[in-house]
Amino acid sequence: MPIELATEVPLVIETLERLFQPSTIARIIVEGLGKAAVYFVLAVGLTLVFGLMGVLNFTHGAMAMLGAYIGGLVMVLSVSDGTDALVRIALFMVVLAVVFALLTGFGSAFEYSLIRPIYDRTPMYQILLTFGVALILEEVTRIVVLSQGIQPEPPWSGAMGTAPAVFTERYDILGAPIRGLYAFEIVLGIVAVVGVWLFLNRTLYGLYIRAGSEDPEMVEALGIDVRQAFTIVFGLGTGLAGIGGVLLMWDPLWGPSALLAIDVLLYAFVVVIIGGLGSFKGTVVAAILVGIADSFTTWLFATGIVTFTGLPELTIFGLLVIMLIIRPQGLYGVEEVGGH
Amino acid sequence: MSSSDEHWIRSYGRDQFPHVLVVLGFALYPILLGVLNRTPVASEASAFLPGLTFMIIVLYMGLFAISFDFISGYTGYLSFGHAAFYGTGAYFVVLAANGQVPGVPEGMPFMITMFLGATLAFVVALAIGAVSFRLTGVYFAMLTLGFAQVMYEFIRHWGYVSSNPTEGATIPSGADMSIGVPFVDSLNFAVGRLSGDSFENVLGLGIDISATMTSYYALGIVVLLSYFVMQRIIHSPFGKVMIAIRENEERARAVGYNVFWYKMGAFATSAFFAAIAGALFAAYAGGASPDNSFYFLVTADALIMAIIGGIGTLAGPLFGALFHEWFEDILSTESDGLSTYLEQLLPESVLTAEVAGLTINDFIGTFLDGRAPLYLGIIFVLFVLFVPNGLLGSIRDRLGGTVSKRIPAALERYRR
């Protein structure tokens, strides 16, 4: 099919004209950073666990799903129509803390009882084990949710409806209508980045993790109980997945559903691999990259410039493939971590 | 193991003894099912034995799981995006049947489009492998998964496939999906859930062969041939290098093998047979959708079957598939499973009796109907933890060699 210059060139120019308007740029950047914050929180636990232990945790998505449902449950039970926005946000913070504590404990118990016995096998068996557990968690969630009269898919609208009006309304930023939730997500994302950075660089366990990612045998030789560090870090990674799930609870693009178990996992993989497995800095950069790419392609589709409906998803996984072709170890990854 | 004065046919036959048993078992199963249905245990049989429709799934999913095992079990490279090849095969035959593949005229026999689709998957695998085999371990698994996911998202939104691409495409009702020798009508048997050939009073023996049965046998022959090709490759020098790569890739390279091309060859061959499995599935199901062909969970099913059956045993995944589908069958209501049986067996008063606020009926509905994934997940985890070699792998460990080598020798001992 020959490209017809008479129609193609004006279209490109028109696209560029529309792109370089302040309202468009504001929209792409704010929405992109909001999405990036979500991607970061979803992915960072996965990368911490992989960096220290070399275990690719397939339960990560299922844990986020649990977080979303537990969060949704608490919100639905405690919020009524007249509840004030500030109270809702305060409740949300309480839910974050509760879910983090619960899932950290659950993750630690899981690592201690099931993963610990198979560290001496090839990495494949850790993938298989966590994958199997993820299947079980998803099915159990489906049974429980259904028994309460809620459909496991599509997303649970009751929980999504507990979001305060300030987040569902759109605000005018440089002429672009942007949902309030994105600002909230960006704030939480920054808190998460700073929090994890402080944990890694200012605490003893952070030191263990950084050292353990470099050379676990040396760390062990220096008298540090690496096994115990594994259990704690696996728990923290799971807790972070839970926080990510709570964050998805109000997001109109996600919401609590059984589908999260796989969707979250796949997106978290993309972010982690683009950034480099085990790299904190890489995860931050990759989350921003993926978030902006997501909002840009969503804009392309929303304005009708591109009519292909699956463009955002295709772009995100396409980014993964391109990154792996040109730089297999990811942006900041160390070559051959988790190798054969 | 054979003595030198023995005729080669005898020793060959003895080596193939377990194969013959398994093939006979599969071939006679529909007849057994038919006979049982006329006996007093008919309701037990239909509740606890896999129905024929599930046995057909065993065949094509078994072949897919075998092809997955061919690359993952023998070279140690976990192909997490194997559904991409299964989907390629399935979509190719569906699009070809609709005349939508450029260069393939409408009405091309299914056997040829299946072969073309498999060849396409072979080429796609070479392209994916060229990139992916620069990496190992977890990275290889993730990269193949990434490619498969891109293809999944693309096919889900590609308007060319059908007007509603998320629902997939169907084979037009008039299309001839026959397995057999192309262009020889009498040696072709149409397959399909509803549209297959059926025969009444075969050879005047009073035996009726239903459309499902025709599909079962036709698919079975393709699966059998595919298995033997893969089995030959595994037992050839090429296959030995594949195993060497799994055990110690550095050493295989140091010995002088160009491991990259061995891996590429193994991956592409595996993709070829995965596409055959996909094509069989599409022909039988009368269409394909993204979620039952290209999706990650399709690979996951093959993975579960391979682990339960025994990874690195080639034949094991077929038994894994049998186990998987048997479980799906007895826990579903589609063809008289466990719940239907219990509902018929237990009197109404028991079914509605409450135990801690839960009636037996509720219990069946909540914990049995369609809950196979839950129990399969639990069984899968138990296998990973305690039976990492799977069913067939553990049997081989127990016997100290492959079944075909050990069973005849054991029989021989008893005869003397």
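**Chatting through a two-chain model**

Student: Where in chain B is confidence lowest, and where is it highest?

Tutor: Lowest is strand S4 (residues 199-202) of chain B, with a mean of 66, and highest is helix H11 (residues 259-285) of chain B, at 95. Helices (H or I, at least four residues) and strands (E, at least two) are DSSP runs, numbered from the N terminus. Where pLDDT is low, the predicted coordinates should not be read in detail.

Student: What ipTM does the complex get?

Tutor: The predictor gives an ipTM of 0.85, along with a pTM of 0.88.

Student: OK, the interface. How many residues of chain A are in contact with chain B?

Tutor: 35 residues of chain A, facing 32 residues of chain B. Contact here means that the C-beta atoms, placed from the backbone, lie within 7 Å.

Student: Which elements of chain A give two or more residues?

Tutor: Those are helix H5 (123-147), helix H12 (260-275) and helix H14 (311-326) of chain A. H5(A) gives the most, with 14 residues. By class, the side of chain A that touches chain B has 25 nonpolar, 8 polar and 2 charged residues. Ala, Val, Leu, Ile, Met, Phe, Trp, Tyr, Cys and Pro count as nonpolar, Asp, Glu, Lys and Arg as charged, and the others, Gly among them, as polar.

Student: How do H12(A) and H14(A) cross?

Tutor: Their axes come within 9 Å and cross at roughly 30°. Axes are lines fitted to C-alpha atoms, for helices over the stretch in contact, and angles run from 0 to 180 degrees between N-to-C directions. H12(A) and H14(A) are therefore roughly parallel to each other; angles under 35 degrees count as roughly parallel, over 145 as roughly antiparallel, 65 to 115 as roughly perpendicular and the rest as oblique.

Student: Which residues make that contact?

Tutor: Val270(A), Ile273(A) and Ile274(A) come from H12(A), while H14(A) brings Ile316(A), Phe317(A), Leu319(A), Leu320(A), Met323(A) and Leu324(A).

Student: What about H3(A) and H4(A), at what angle do they pack?

Tutor: Helix H3 (residues 60-78) of chain A packs on helix H4 (residues 85-115) of chain A at about 140°, with the axes 10 Å apart. That makes H3(A) oblique to H4(A). By class, their contact has 10 nonpolar, 4 polar and no charged residues.

Student: Switching to strands: how do S1(A) and S2(A) run?

Tutor: Strand S1 (residues 170-173) of chain A and strand S2 (residues 176-179) of chain A run antiparallel, joined by 4 bridges. Two strands pair if DSSP finds at least two bridges between them. Asp172(A) stands opposite Pro177(A) in S2(A). The hairpin has 2 residues between the strands, and Leu174(A) takes a positive phi near 50° there.

Notes. Residues numbered from 1 in each chain as written. Chains lettered and ligands numbered in written order. Predicted model: local features only at pLDDT ≥ 70, side-chain atom pairs only at ≥ 80, totals over all residues. Contact = placed C-beta atoms within 7 Å. pLDDT = per-residue confidence, 0-100.
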